[in-house]
Amino acid sequence: MTQTSYIALTYWDLAMAASLILINGGLSIAFRLGIERTLFIAAVRMAVQLMAVGFVLKFIFTQTSALWTLGLGLCMVLFAAREAMARQTRRYKGWWAYGLGTGTLLFVGLLAILFGVGVIIGPSPWYTPRFVLPILGMVLGNTLNGISLGLETLTTSALRERAAIEARIALGATRFVAMSTTTRQALKTGMMPIVNSMAATGIVALPGMMTGQILAGIDPVEATKYQVLITFLIAGGTALGVFLAVIGGARLLTDERHRLRLDRLEKADQ
Amino acid sequence: MLRIDALEVFGLEPVSFEVSRGECIAVQGPSGSGKTVLLRALADLDPAKGQIFLNGTDRNSISGPDWRKQVRYAAAEPGWWGETPREHFAADGELDIPLESLGLNTEQLDQSISRLSTGERQRIALVRAVIDEPEILLLDEPTGALDAKATAQAERLIKRHLKTGHAVILVSHDPEQVKRLADRKLAIRSGRARMGRV
């Protein structure tokens, strides 16, 4: 197996690629779509954000400090939790709006790092940022997607199915039995994207991380092994995250007297 | 049997009254006066301060589900979680209540709920509420969607429940029905609940 050397890109290369966005802008003007301004801002944001992250990661990679790595990891968890909650049409009142997502993502992120990086990959030291941060990012990104879908399904179907849930409660069912249909639906919806993406991986799409490693000159079989590991970590993390968030969310929608408490939700300002 | 002591329900002054075994109390008042919230509070479906005792047992000393097995609320618009009525009954066997007496038949138990009429759904919901004989039945306009014949059939079922030593608290907008079923009347007006004769 030959290993090709990595080809570094110049800023001129990026500028050439950026010229493609002019086509999109031109189409928007030609067809009067009115999205050229939004498109331009989005393209600039993407480039600036990624470059900034590149410099931050470069700095942290040179430090190899547990404090810096965990500090950035915590920031990623907080941003992911904020994003998960921002996508809800109905949110929990009070600090639970963020507490539920933050707690779940923190737990899943820690577990993915300890198990995936600490136990399976085993770099030395275990907190080597080159391993910890990209893997944490991939797990968090997918888990937040699952959590936000799961919680959105839970809250909207609890509101829609209120009469059915309360009928069960009125007949003496516990909150877990009364919410079981809604909870199952939310768990299924939350896990569906990762199940679908696992099934399509390798046939419909080559995952970004594997492609990146191949471009960097890594043996495709080695790159595949990493991808399989990451996919399992993502699948496990998402399943656990969705489970914790949905069960926690269902608990928050009911109280210790097994009553349905939809008054604990508020409409998000969107 | 059921003693309500200074129950604080949203929009109402504290409510206190007692219900005896075999007694039917009708709750009357204009729409939005708080009849449904009172019944929901009695079934512990919404948080409410104050005390409720069933045969001397404080509501707070037993779990919510155990309380609601004894103090049962049946909503004006019943909720359904399964495809067919049969899925809403605990046992798969024969029901103790003959459905024919309510103008229903057993085949309807296996029909899709969406294909049943509003009146049929309301009668099945009534059967579902009384089937395991709760001590107190809280009925929120149980015959609102029924014609005269079906109303009479539903009332027979309510009377049967009363005769077996249970109690009923009933919200009804029909003064004739109140006369036929109730022993006393709890009138809610301007946020105050007053017990009186029918």
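## Close-up views of a two-chain predicted model

**View 1. Strand E7 of chain B lies between two parallel partner strands.** In chain B, 5 bridges join E7(B) to strand E8 (residues 167-171), and these two strands run parallel; helices (H or I, at least four residues) and strands (E, at least two) are DSSP runs, numbered from the N terminus, and two strands pair if DSSP finds at least two bridges between them. One of the residue pairs involved is Asp140(B) with its bridge partner Val171(B) in E8(B). E7(B) also pairs with E6(B) in the parallel sense, over 4 bridges, and here the bridge partner of Val71(B) is Ile136(B). As background, the strands of a sheet pair through backbone hydrogen bonds, either parallel or antiparallel.

**How the model is to be read.** This is a predicted model, in which local features need pLDDT of at least 70 and side-chain atom pairs count only at pLDDT 80 or more, while totals for chains, interfaces and linings use all residues. Residues are numbered from 1 along each chain as its sequence is written, and chains are lettered from A and ligands numbered from 1 in the order in which they are written. The pLDDT, which is the predictor's confidence in each residue, from 0 to 100, averages 91 in chain B, where 97% of the residues score at least 70. The model as a whole scores ipTM 0.93 and pTM 0.87.

**View 2. Both faces of strand E7 in chain B are covered.** Strand E7 (residues 136-140) of chain B has 5 of its 5 residues buried, where a residue counts as buried if 20 or more other C-beta atoms lie within 10 Å of its own, as exposed if 12 or fewer do, and as partly exposed in between, with C-beta atoms placed from the backbone.

View 3. Two residues are in contact if their C-beta atoms, placed from the backbone, lie within 7 Å. When residues up to four places away in sequence are not counted, Ile169(B) touches Val19(B), Ile25(B), Val27(B), Leu39(B), Leu42(B), Ile136(B) and Leu138(B).

**View 4. Four strands of chain B form an open antiparallel sheet.** The order of the strands is E2-E1-E4-E5, and their pairing is antiparallel. Strand E2 (15-19) and strand E5 (57-58) stand at the edges with a single partner strand each, so one side of each is left without a neighbour in the sheet. Strand E1 (residues 2-8) and E2(B) pair over 4 bridges, and Ile4(B) has Phe17(B) as its bridge partner in E2(B). E1(B) and E2(B) form a hairpin with 6 residues between them, and Gly11(B) in the turn has a positive phi of about 85 degrees.

**View 5. Chain B meets chain A through residues of several classes.** In this contact, 16 residues of chain B touch 14 residues of chain A. Helix H2 (64-70) and strand E6 (71-74) of chain B each supply at least two residues of the side that touches chain A, and the largest share of that side, 4 residues, comes from H2(B). By class, this side of chain B has 8 nonpolar, 2 polar and 6 charged residues; Ala, Val, Leu, Ile, Met, Phe, Trp, Tyr, Cys and Pro count as nonpolar, Asp, Glu, Lys and Arg as charged, and the others, Gly among them, as polar.

**View 6. Met210 of chain A is a buried helix residue.** The place of Met210(A) is in helix H10 (residues 208-215) of chain A, and Met210(A) is buried, with 22 other C-beta atoms within 10 Å. Not counting residues up to four places away in sequence, Met210(A) touches Ala223(A), Thr224(A), Tyr226(A) and Gln227(A).
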